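Dear colleague,

Please find below the structure that I am handing over to you.

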Amino acid sequence: MEKTKMKLLRVLDILKDTDENHPLTANEICEKLQSYGIEAERKSVCRDINTLIEYYNNESDYGYEIEKYDDNRKGYYMCSRSFEDWELKILIDAVWQARFLTEKKSESLAKRLRLLASSESRKVLQNVTPVKSYVKTNKLKVAEHIDMLLIAIRKGRKVRFQYEYTDTNLERQVRFDGKEYLVNPYSLKWRGDRYYLIGNYDKYDNLSFYRLDRIVNFSITDMPVKPAKEVVGDNPSSKIEEYVAKSLYNFGGEKIHVVLRVKPNMVDELIDYFGENIEFKQNGSDEYDVRVAVNEGDGLYFWLLQYGENVKVVSPVQVREELLKRVRRIKDLYEND
């Protein structure tokens, strides 16, 4: 009985390497089983495959969809998987682009993702991902912190840690002479190249965020977490999302409406930053006015300075004045050198 179960599992493993262009006959599967030290006849392999097919048909949300060509002349193949090749490509790219993961950890994750594809697709996925082109961290703790924070959030426990910064000698130092942060963890967010913990510093009644690559000496306490509702009020998930939208990159600020005068070649850049829910109104022969909603903060002014002469703030007046102040400070920095 044990050998029969093992044979069924090995047949499944062998079929996972197939696809529509690379099927295997029952006899070929028998040959591959021999490499595992399993002797099998063609008929028993066909029965195993029929069992797997029946399992899929009976449990539509689970199992494996296996097809066979007419008369079984060309063989069997796995025709559906948990992920399509293009989906795996996106996931593998995300793993390699994540700067908070080490090169070793990224390679391990990418390899496991490739194993979800057929053998031929695995080769393609490996060849089309130039792994050496990405900048990776050498910090080993970020992945561990993500895992521990998920445990803390699931169990509803406060966490304790210290926070680092880099001094002018490029050495890591602990902030505030080793001060310990006691934090109620609510959410984990990936923004840009960083992972952030969103939570409540236990001494206060507001939200705060912390970069995981700067957290050290992290531990989960036995203290129950302060409910997010006590910090932000009703509908805490929505309130946390609003906080993230304002705080990460935009660095806070109230939501305002800004009218910008732009060149036609700025459409893609505007959509990338403000989203697609914007409308362009022609103003003159080669310029357009567009009204956007955005949180006022450093992120907005960084974006405006980045595009300089291609974007002009029409209104409101306070945004124009603040932008001019920043431009003058930059100008003074060079003129007074």
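Strand 5 is mostly covered, with 9 of its 11 residues buried. Here, buried means under 20% relative accessible area, exposed means over 50%, and partly exposed lies in between (1.4 Å probe, protein chains only). Helices (H or I, at least four residues) and strands (E, at least two) are DSSP runs, numbered from the N terminus.

Please note that this is a predicted model, in which local features need pLDDT of at least 70 and side-chain atom pairs count only at pLDDT 80 or more, while totals for chains, interfaces and linings use all residues. Residues are numbered from 1 along each chain as its sequence is written, and side-chain values use heavy atoms, with hydrogens and water left out.

Strand 5 pairs with strand 3 in the antiparallel sense over 3 bridges; two strands are said to pair if DSSP finds at least two bridges between them. Val159 has Val183 of strand 5 as its bridge partner. Strand 5 also pairs with strand 6, again in the antiparallel sense, over 8 bridges, and Lys189 stands opposite Tyr196 of strand 6. The hairpin of strand 5 and strand 6 has 2 residues between the strands, and Gly192 takes a positive phi near 60° there.

Strand 6 is in turn joined to strand 7 (residues 208-211) by 4 bridges, and these two strands run antiparallel. In strand 7, Arg211 is the bridge partner of Tyr196. The hairpin that joins strand 6 to strand 7 passes through 6 residues. As background, strands of a sheet pair through backbone hydrogen bonds, either parallel or antiparallel.

Leaving aside neighbours within four places in sequence, Ser187 is in contact (heavy atoms within 4.5 Å) with Ile153, Tyr196, Leu197, Ile198 and Ile240.

**Helix 7 and the cores**

Helix 7 covers residues 141-155, and its 15 residues should span 21 Å at 1.5 Å a residue; its end C-alpha atoms are 21 Å apart, so the two values agree. The expected span is 1.5 Å times one less than the number of residues in the helix. Buried residues in helix 7 are Val142, His145, Ile146, Met148, Leu149 and Ala152. What covers them includes strand 3 (157-166), strand 5 (181-191), strand 6 (194-201) and strand 8 (215-224). Just after the helix, Gly156 takes a positive phi of about 70°.

Which residues have the most contacts inside the largest nonpolar core? They are Phe161, Val183, Leu197, Tyr210 and Leu212, in a core of 29 residues. A nonpolar core is a set of buried Ala, Val, Leu, Ile, Met, Phe, Trp, Tyr and Cys residues joined through side-chain atoms within 4.5 Å. Two or more residues come from each of helix 4 (85-97), helix 5 (103-114), helix 7, strand 3, strand 5, strand 6 and strand 8. Helix 7 gives the most, with 5 residues.

Apart from neighbours within four places in sequence, Tyr210 is in contact with residues including Phe161, Tyr163, Val183, Leu197 and Ile215. A second, separate core of 19 residues includes Leu270, Phe274, Ile278 and Val294.

An open sheet is formed by 4 strands in the order 10-11-9-12, with antiparallel pairing. Strand 10 (280-282) and strand 12 (311-315) stand at the edges with a single partner strand each, so one side of each has no neighbour in the sheet. From one strand to the next, the twist averages 35°. Axes are lines fitted to C-alpha atoms, for helices over the stretch in contact, and angles run from 0 to 180 degrees between N-to-C directions.

Strand 9 (residues 255-262) and strand 11 (residues 288-295) run antiparallel and are joined by 8 bridges; Leu260 has Val290 of strand 11 as its bridge partner. Helix 11 (residues 298-307) packs on the sheet and touches strand 9, strand 11 and strand 12, with its direction at about 130° to that of strand 12. Helix 12 (residues 317-335) lies across strand 9 and strand 12, and runs at about 140° to strand 12.

**The protein as a whole**

The secondary structure comes to 12 helices and 12 strands, and buried residues make up 37% of the 337 residues.

Yours sincerely
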